[in-house]
Amino acid sequence: MTQRSIWKGHLKVAQVICPVALYAAASTSDRVTFHTINRATGNRVQRDFIDSETGKPVARDDQAKGYEVAPDTFVVLEPDELAAAVPDSDKTLNVRSFIACGAVDGVYFDKPYFLAPQDADSAEAFVLLRDGMRSAEVAALAQTVLFRRLRTLLIRPHGTGLIGTTLHFDYEVRAATEVFADMKKIKITGEMLDLAKHIIVTKTGKFDPETFDDRYDAALADLVKAKMAGRKIKPRAAPKVAKSTDLLAALRESAKTAKPAPKRKAG
């Protein structure tokens with residue numbers, strides 16, 4: 001079945017306008033999921049919203065959004081008031097600038113989306129923009145309103161189409177210095193550095209997503225099958241904690257067992 005687009009609009013670069021459709025590039029819908037049930041009856045459990053003071057259930061029509069301005073003091077916002085705060089949208093991805101493909105730190109990446117022409121009539125303008133960026137080795141920074149927010153997208157050529165990745169706002173990204181501030185300044189030289197380089201070279205490879213398995217999801221599926229078959233599930237033993245070793249000795253041992261990386265074929 002053809003994937004349905006989640007947004008339709010126009011990609012605009014100066015006076016060049018191309019109708020495009022946005023598709024989710026990643027999904028967690030195939031993961032094993034669970035429902036909360038009543039162990040005694042086997043029935044699903046429903047969630048109710050309870051007043052924190054009275055303990056009584058609150059009907060949906062009586063629920064509202066509130067912003068806490070002081071402890072237990074809220075400004076109540078009605079749905080129409082919240083809707084008024086949503087930016088106006090003309091369904092246009094306005095390209096603000098072109099930048100080098102690697103100019104954006106990966107920490108700013110949020111969610112990826114595929115961009116494709118809406119129809120056959122849009123294909124020529126779409127290919128023009130795609131091939132122009134690929135030839136110049138650049139990516140586009142564009143903005144539009146997505147899911148009620150003004151979002152910035154990094155748009156890059158991807159196969160025969162484009163991929164647009166929403167970017168985190170600056171205030172959402174935490175400063176790395178807060179995490180690394182207490183790290184000691186250590187300089188590695190000599191044999192230790194040479195051994196580390198050797199191990200890295202021997203383990204150099206290519207990224208192949210098919211080689212990375214979701215072991216937890218597979219284990220959950222096997223667990224469900226075992227329960228359906230009536231097999232008893234044995235608790236797993238606690239993993240053994242690895243003992244700390246001498247770093248240089250560990251590097252020397254690793255270098256002995258490291259296998260040379262396969263040679264790449266020419267071309």
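**Group meeting: one predicted chain**

Of the 267 residues in this protein chain, 18% count as buried. Keep in mind that this is a predicted model.

The surface comes next. The protein chain exposes about 22300 Å², and 54% of that is supplied by carbon and sulfur atoms. On charge, there are 41 positive and 34 negative side chains, with the centres of the two sets 11 Å apart.

Now the fold. The secondary structure of the chain amounts to six helices and nine strands. In terms of extent, the C-alpha trace spans about 70 × 65 × 50 Å along its principal axes. As for contacts, take those between residues at least 6 apart in sequence: 62% of them join residues at least 24 apart.

Two residues deserve a look on the backbone side. Start with Asp-72, which sits in the loop between strand 3 (65-70) and strand 4 (73-77). Asp-72 is not a glycine, yet its phi is positive, about 60°. Is Asp-72 buried or exposed? Asp-72 is exposed, at a relative accessible area of 69%.

The other one is Lys-91. You will find Lys-91 in the loop between helix 1 (79-84) and strand 5 (92-100). Phi of Lys-91 is near 55°, again a positive value in a residue other than glycine. Lys-91 is partly exposed, and its relative accessible area is 40%.

That is what I have on this chain.

Technical notes. Residues numbered from 1 in each chain as written. Predicted model: local features only at pLDDT ≥ 70, side-chain atom pairs only at ≥ 80, totals over all residues. Heavy atoms only, no water. Helix = DSSP H or I, 4+ residues; strand = E, 2+ residues; numbered from the N terminus. Buried < 20%, exposed > 50% of the residue type's maximum accessible area, 1.4 Å probe, protein only. Contact = heavy atoms within 4.5 Å. Areas by Shrake-Rupley, 256 points an atom, 1.4 Å probe, with all protein chains shown as cover. Lys, Arg positive; Asp, Glu negative; His and termini not counted. Charge placed at Lys NZ, Arg CZ, Asp CG, Glu CD.
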